[in-house]
Amino acid sequence: MPDASSPRDGMQDVDLSTTVVVALGNRAPTKADDHRALADLVTRLTGVAAASVSIGQVCPNCGQSGHGPLRVDLGDEADAALTVHVSLARAAGRLALAVTAAGPVGIDLESVAALARAPLDDVLLSAAEADAVAALQPRAATAAVAAIWTAKEAVLKAATVGLRVDPRDLTITRETPVAPEIAPAADPAPDAAHPRLMDWPNAPFPLNELHLLLVATPPEFAGTVAVVCTRRPLLRFLPHSA
């Protein structure tokens with residue numbers, strides 16, 4: 001991951017209330033190390049002392065720690081007006097992190113090759129999505145399924161429900177963004193078609209408050225970040241590290 005100990009690299013000037021920061025890097029040897037990388041990114045963005053920042057998980061179903069939605073604790077240095085939301089995803093040795101104060105956030109990263117080998121269509125695609133994918137050439141269909149899968153995973157993480165919800169209940173479409181959404185150092189292809197949550201009958205939030213943004217990844221991966229907030233956030237992207 002980028003070096004979180006670097007002095008004043010400009011990241012503390014990012015307005016987290018209107019921006020989601022995404023960073024890609026190599027997956028650490030342990031889950032705890034990945035959580036430390038996420039805590040380091042929060043430190044970098046907020047200016048809160050590293051010793052005060054911790055990442056935890058509590059399952060909303062069983063109440064046990066160690067799994068469930070990620071939560072960040074800023075300790076006594078927390079700004080009462082700032083609620084920081086975080087998310088994390090792992091795929092094929094890579095790690096994706098998301099931090100924002102705009103609203104609840106979810107991020108997903110997947111290996112396109114791994115998804116192509118998995119029989120996902122019957123358990124992932126809504127009827128409308130299945131029809132759209134069936135009309136595509138094989139390579140385009142693989143890319144579409146990867147985009148749909150990462151978008152749904154990101155949405156379900158942001159909603160803090162995970163795969164307790166049937167992914168087929170959600171319908172994702174893709175469209176060209178109509179307003180600027182890319183901050184400096186973000187995705188270099190702002191005109192690319194972005195996913196949109198078109199339908200989810202039991203969504204725990206208004207659909208127009210769920211914003212999906214593509215993550216700039218190496219070509220063998222697909223990634224999407226979801227944020228629940230009134231106004232579409234900017235995306236600030238930190239390029240992946242070797």
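Guide: At least two lining residues of the largest pocket come from each of H1, strand S3 (65-73), S4, strand S6 (105-111) and H5. Helices here are DSSP runs of H or I with at least four residues, strands are runs of E with at least two, and both are numbered from the N terminus. Keep in mind that this is a predicted model, in which local features need pLDDT of at least 70 and side-chain atom pairs count only at pLDDT 80 or more, while totals for chains, interfaces and linings use all residues. Residues are numbered from 1 along each chain as its sequence is written, and side-chain values use heavy atoms, with hydrogens and water left out.

S4 is the top contributor to this pocket's lining, giving six residues. Sorted by class, 13 of the lining residues are nonpolar, seven are polar and seven are charged. For that sorting, Ala, Val, Leu, Ile, Met, Phe, Trp, Tyr, Cys and Pro are nonpolar, Asp, Glu, Lys and Arg are charged, and the others, Gly among them, are polar. The volume comes out at about 580 Å³. The search works on a 1 Å grid over the protein atoms alone: a pocket is an open set of points with protein on both sides within 12 Å along at least five of seven lines, a cavity is a set where a 1.4 Å probe fits but cannot get out, and lining residues have an atom within 4 Å of a point. Points are joined across faces, edges and corners, and the volume is the space filled by probe spheres set on them.

Arg-90 pairs with Asp-34, with 2.7 Å between the closest N and O atoms; a salt bridge means a side-chain nitrogen of Lys or Arg within 4 Å of a carboxyl oxygen of Asp or Glu. Arg-90 sits in strand S4 (residues 85-91) and Asp-34 in helix H1 (residues 31-46), so to speak two distant parts of the chain, 56 residues apart. Arg-90 is partly exposed at 28% relative accessible area, whereas Asp-34 is buried at 1%. Buried means under 20%, exposed over 50%, and partly exposed in between, using a 1.4 Å probe and protein chains only.

The structure holds four salt bridges; one of them joins Arg-168 to Asp-166 at 2.8 Å. Arg-168 is partly exposed at 41%, and Asp-166 is partly exposed at 28%.

One cavity of 30 Å³ or more turns up in the whole structure, and the largest cavity has a volume of about 30 Å³. Its lining consists of Leu-24, Gly-25, Arg-94, Leu-95, Leu-109, Pro-218 and Phe-221. Strand S1 (19-26) and strand S5 (94-100) are the elements giving two or more residues to it. That lining splits into five nonpolar, one polar and one charged. Leu-24 belongs to strand S1 and is buried, at 3%. Its C-alpha lies 8.4 Å from that of Phe-237, 213 residues away along the chain.

One more spot is worth a stop: His-211, in strand S9 (residues 210-214). His-211 is buried, with 8% relative accessible area. A polar atom of its side chain is 2.9 Å from the backbone oxygen of Cys-229. Setting aside residues up to four places away in sequence, His-211 touches Val-225, Ala-226, Val-227, Cys-229, Thr-230, Arg-231, Arg-232 and Pro-233, where contact means heavy atoms within 4.5 Å.

Stepping back, the chain has five helices and 11 strands. Of its 242 residues, 47% count as buried. Among contacts with a separation of 6 or more, 60% join residues 24 or more positions apart.

Key: A polar contact is a pair of N or O atoms within 3.5 Å; within protein, one must be able to donate a hydrogen and the other to accept it, and residues adjacent in sequence count only if both atoms are side-chain atoms.
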